[in-house]
Amino acid sequence: MNGFERSAEPGVLGRASGHGRVYQARGDQHVTEHHHHYPSAEAASLFGPSSGHPVVRASGSAFGPAAPVPDSVRTPLVGRAPVVLRDRRELMRSLLTAAGEETGGVHVVHGLGGCGKTSLAQAVFNEVTRGGRRIGLWVNATERSTLRASMLAVAADRGAEDGELASAYKGQRASADLAWHYLDSSAEPWLLVLDNADDPAVLGEGGWLRQSPRGTVIVTTRQAAARVWQGARLHPLGVLPVEDAALVLRDLAPEAGSVEDAETVARRLDCLPLALTLAGSFLSRQLLESWSMSDYRRHLDDNPTELIDQGASPGDSERNARQLVGRTWEISLTALANDGAPECLSLLRLLSCWSADPVPLSLIRPAAVDAAGLGALDPPLTGARVETALRGLLDHSLVSLVSLDIGGTPVRCVKTHGVVLDSVAAAVPEEQRAPIVTAAAELLGHAVPESGDRGRDVPPVGHLVSHATHLLGRLNDAGSASRAVELGTCLATCLFVGGDFPAALSLARTTAEAAGRWLGPDDPATLRAEHRAALSLFRLGRFEESEALHRRVLDARTRVLGREHAETLESLQDIHEPLCQLQRVDGSLATLRETIEIRSRVVGEHHRDTLHTRALLIEYLATAGEVEEFDRVGPEVVAACEEHLGPDALSTVTARHNYAYGLRVFGRPDRAEAEARSALRGRELVHGPEHALTLSATVLLSWILGDLGRIEESIALGRRVVEGQERALGREHPYLLTNRTGLAESLAAAGETAEADALARLNLPLCERVLGPDDPVTVRTRGLLV
């Protein structure tokens, strides 16, 4: 390669672009490679019908093997020209500026297949050549023979003589030197586009990519990193912003839905221009049915790749794989396999088990890949080849590297486009689905910590939720389901312990549905996921749903596992919570006492599980007014928990919290304050300051301080609780409604009537709808407004 002027960002690999963008969004856009193959026995070689130069005629044998010759190098033979600018504007301006300069240099536009590289180059080409300002030359650079024939056609266009061209075809003269001689000596300035140069070696081996004093070169490619790009200016091209992606759909199918509907579909398609164009074309061309965008979005979940590709024109699958999302990635994967990296396909199949969100690179460490058995795949993926496979996917823009903030720490991740994942997953051979899914579950499981009792010590797991959810959707048999279901339940438990109850419920339900489908509704793994969902429902204030699900799990576990099994006893214990909130305190006491009796007999009186149930019993003895048993059991359990579990254990903190509550219920605020403060310190230590159970201990201390006449301290804590519960539980949670009314009452007693009135007016309609018009809290709230 002849000395490119070294410009900004040489050799940048997979960089996210801050450039603006251009994209066609009206009518059907078809990017088709036009090749005409002339038999070697015929004397036929056509160069640039618009060039004004004579047609070169020579025997086929003299020219060697027949080469595909373009109909034109003056026109992009790739379909319609872009007519609507969608984003990409900054990059468009940058390329237009370069094309207008005397020596514009070499510009490489690289990105994922289907992201609109050709469309961008075509828009620049049309703008530059409009009005004859510059000569435009378009070359299909997909393969050696096509490139060579097209570049010789460019030479003919720029003035090469018949004899020179014939010599080049016979191998008597260097073809690239001939082409660039006439480009360098062109009387007119030009723009040369080398489109679809996805194998940079084709350009490098023959010296086809050069810089010239007479023009500008734009290369479009999927390859982000190649030695031949050195000295060129690189322009990464990504997907469209969601607003522009929605407009692409609206331009193609304006009657199919609203802007909001279009944005929903665009997000599902990950804003990939090729997928958007195919989707819009499908919606605009329907004859027998009339789907809305909402209909299209629903059907995408069934078989996304097949549905998207139905938007292509008939025959596109035979003419050009680049026009189908189900086949366009094959171009890159085939090239990688030919270059000695077939394991790229298996790595991409593994990534397709997870979601399009960033995947920490730690999940695919070589040792973990070997342990997961991925070497048995076809093609095999071994730990020693993971680096090679990842770099190959990066070089072909099939994946990108991003940084994700996890718990305040930047973590390197790999990100794959959602449409790529869908199409790759759909093409996985049936016999390889189960081992790949099982391996993906095993690898993801390494990143999920044991939740334990100490919620604040559980590392952040939110970035793993979408991957676990996606993995559950990839299951195809019972064999691969077990590990994925175990993973989903464990991750839901981490979310629950960390206080993210909505996310815990969502994942637990998804896990339970998958487990029920593949393992059966009464399989212990299904029941574990449902139990976690029931706990989450309770924390979200959905008491009736929680009780019903707890009851179903308890009955099934009793039938399948037996009454004394540890998991059955877990259900027997935990159903007490919704029972109490549904005013069935006797039922709560009965289940707790039965659990204590069985656990004491089976695992011992001082086992951690037995002690935890005894700690829970303290609260319900107070609620039921059982003062004598409370006075005996409360101090005894607190002491036993401290002795056998330690002062900071969850069960010890729970026992102290519940004992402080009972002391207040029985009118002993002086003694209750010290216990409540100790419980609050314990909750903060175990769960953190914003956890729902920490806020529960906070409001208890607020009540006790109010009983002691320390109104200002009580109000300060009450405000902290209301603000925290709004964030942790949502503005309509029953606990929040109760505490908001309590705060309003304290404010009114302190003479802060305006704030009290405002809180009561905010709370009353919520209380009436959520709790009912005759609930005691609703009545108290209404009384504040009288």
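The legends below describe close-up views of a predicted model.

**View 1. Packing of helix 30 against helix 32.** Helix 30 (residues 650-665) and helix 32 (residues 692-707) pack with their axes 11 Å apart and at an angle of about 25°, and the two helices are therefore roughly parallel to each other. The crossing of helix 30 past helix 32 is left-handed. On the side of helix 30 the contact is made by His657, Ala660, Tyr661 and Arg664, while helix 32 contributes Leu693, Ser696, Ala697, Leu700, Trp703, Ile704 and Asp707.

**View 2. The salt bridge between Asp198 and Arg222.** The side chains of these two residues, Asp198 and Arg222, meet at 3.7 Å, N to O. Asp198 belongs to the loop between strand 5 (190-195) and helix 7 (200-205), and Arg222 to the loop between strand 6 (215-221) and strand 7 (233-236), so the pair ties together parts that are 24 residues apart in sequence. Asp198 is buried, at 9% relative accessible area, and Arg222 is also buried, at 3%.

View 3. Arg267 pairs with Glu263 in a salt bridge whose closest N and O atoms are 3.9 Å apart. Both residues lie in helix 9 (residues 259-268), with 4 residues, about one turn of the helix, between their positions. Arg267 counts as partly exposed, at 48% relative accessibility.

**View 4. The salt bridge between Arg601 and Glu564.** In this pair, formed by Arg601 and Glu564, the closest N and O atoms are 2.6 Å apart. Arg601 lies in helix 27 (residues 585-602) and Glu564 in the loop between helix 24 (543-561) and helix 25 (566-574), so parts that are 37 residues apart in sequence are tied together. Arg601 is partly exposed, at 47%, as is Glu564, at 41%.

Note on methods:
Residues numbered from 1 in each chain as written. Predicted model: local features only at pLDDT ≥ 70, side-chain atom pairs only at ≥ 80, totals over all residues. Heavy atoms only, no water. Axes fitted to C-alpha atoms, helices over the stretch in contact; angles between N-to-C directions. Parallel < 35°, antiparallel > 145°, perpendicular 65-115°, else oblique. Left-handed = near helix turned anticlockwise from the far one by under 90°. Contact = heavy atoms within 4.5 Å. Salt bridge = Lys/Arg side-chain N within 4 Å of Asp/Glu carboxyl O. Buried < 20%, exposed > 50% of the residue type's maximum accessible area, 1.4 Å probe, protein only.
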